[in-house]
Amino acid sequence: MEELPKTPELIGGSDKTREQVDSYFRDEYAENDLNYAEIPLSPEQQDIVRAVIEAIPEFLKTYGVEADPKAMLDRIHMIDDSKLAEEDVRKLPGSAVHRKRGNRIYLKGSEANTSVRFFYAVCHELLHSISFDSFTINEGRMERAVLERRSGLGVLVEDQNRLDTYFDDINEAVTDRLTELFVQYVDQNPEAGITITKSDGFATAAYYASSTYEK
Ligand SMILES: [Zn+2]
């Protein structure tokens, strides 16, 4: 059974605010709006997802962090981007994205198209999915009633009706670095059940040089 998305912990706010927050997360939970272009994960990709989800909590424990991405098991969607409608292309701007509303990860089929690229994209987005988030509630506003405020190390600021993210590059760099450290961790801990061959490592380095993860 699919697990519900991470529910935000609400501090303060009126009943109406709580209702707004609840519907903000639930509306999209019901909807995978790119499902018309979805390609099922191959058995090999499913194995990678399961192994990574299982290994991440142990890896993070080595830094004293407790976080578990197991709720993401059925929430990783591979999208055939050649089939995306024009108005949906902007929803998948990089090679992968974690969308907080609905707590889903979307991977771009044309880019996460080798097992190494798939592995990296899944690790990277899973780390985003369990990073710190906070939201600002605008009482009495219909549009943008719920505004993302913090995402990992990123700080979002609304300026003249436009959202800017500060420290986005640092947030991405730390997530990329953690992904690299995770690769080293599974390499040194065979019990994690993930084997990385030398040629994979080479491909990985090459991929990093041209990495275009979602920004
Ligand atoms: Zn990212």
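Strands are DSSP runs of E of at least two residues, numbered from the N terminus. In this predicted model, one such run is strand β7, residues 154–159, in which Gly 154 is found. The briefing below covers the largest nonpolar core, which has 32 residues, an open sheet of four strands, the helix α2 (43–61), and the surroundings of Gly 154.

**Nonpolar core**

- Within the largest nonpolar core, the residues with the most contacts are Tyr 106, Leu 107, Val 122, Cys 123 and Leu 126.
- At least two residues of this core are supplied by each of α2 (43–61), β2 (76–79), β3 (96–99), β4 (104–108), α3 (115–129) and α4 (168–188).
- Helix α3 gives the largest share of the core, nine residues.
- Leaving aside residues up to four places away in sequence, Leu 126 touches Val 52, Ile 53, Ile 56, Pro 69 and Met 72.

**Four-stranded sheet**

- The strand order of the open sheet is β1-β2-β4-β3, and the pairing is mixed.
- The edges are formed by β1 (38–39) and β3; each has a single partner strand, so one side of each lacks a neighbour in the sheet.
- Helix α3 packs on the sheet, where it touches β2, β3 and β4, and its direction makes about 20 degrees with that of β3.
- Strands β1 and β2 run antiparallel and are joined by two bridges; Ile 39 stands opposite Met 78 in β2.
- Strands β2 and β4 run parallel and are joined by four bridges; Met 78 has Leu 107 as its bridge partner in β4.
- Strands β3 and β4 run antiparallel, also with four bridges between them; Arg 99 has Arg 104 as its bridge partner in β4.
- The hairpin of β3 and β4 has four residues between the strands, and Gly 102 takes a positive phi near 90 degrees there.

**Burial of strand β4**

- Strand β4 is mostly covered, with five of its five residues buried.
- Arg 104, Tyr 106 and Lys 108 point one way from the strand, while Ile 105 and Leu 107 point the other way; all are buried.

**Helix α2**

- The 19 residues of α2 should span 27 Å at 1.5 Å a residue, and the end C-alpha atoms lie 28 Å apart, which agrees.
- At Ala 55, shortly before the proline Pro 57, α2 has a kink of about 30 degrees.
- Buried positions in the helix are Ile 48, Val 49, Val 52, Ile 56 and Phe 59.
- An α-helix has 3.6 residues a turn, so residues three or four places apart point the same way.
- The packing partners of the buried α2 residues are β2, α3 and α4.
- Val 52 and Ile 56, both buried in α2, are among the residues that Leu 126 touches.

**Surroundings of Gly 154**

- Gly 154 is buried because 20 other C-beta atoms lie within 10 Å, and the cut-off for a buried residue is 20 or more.
- Its contacts, not counting residues up to four places away in sequence, are Thr 165, Tyr 166, Phe 167, Asp 168 and Asn 171.
- Phe 132 lies 22 residues from Gly 154 along the chain, and the C-alpha atoms of the two are separated by 9.6 Å.

Terms used
Residues are numbered from 1 along each chain as its sequence is written. This is a predicted model: local features need pLDDT of at least 70, side-chain atom pairs count only at pLDDT 80 or more; totals for chains, interfaces and linings use all residues. A nonpolar core is a set of buried Ala, Val, Leu, Ile, Met, Phe, Trp, Tyr and Cys residues joined through C-beta atoms within 7 Å. A residue is buried if 20 or more other C-beta atoms lie within 10 Å of its own, exposed if 12 or fewer, and partly exposed in between; C-beta atoms are placed from the backbone. Two residues are in contact if their C-beta atoms, placed from the backbone, lie within 7 Å. Two strands pair if DSSP finds at least two bridges between them. Axes are lines fitted to C-alpha atoms, for helices over the stretch in contact, and angles run from 0 to 180 degrees between N-to-C directions. The expected span of a helix is 1.5 Å times one less than its number of residues. The bend at a residue is the angle between axes fitted to the seven residues ending there and the seven starting there.
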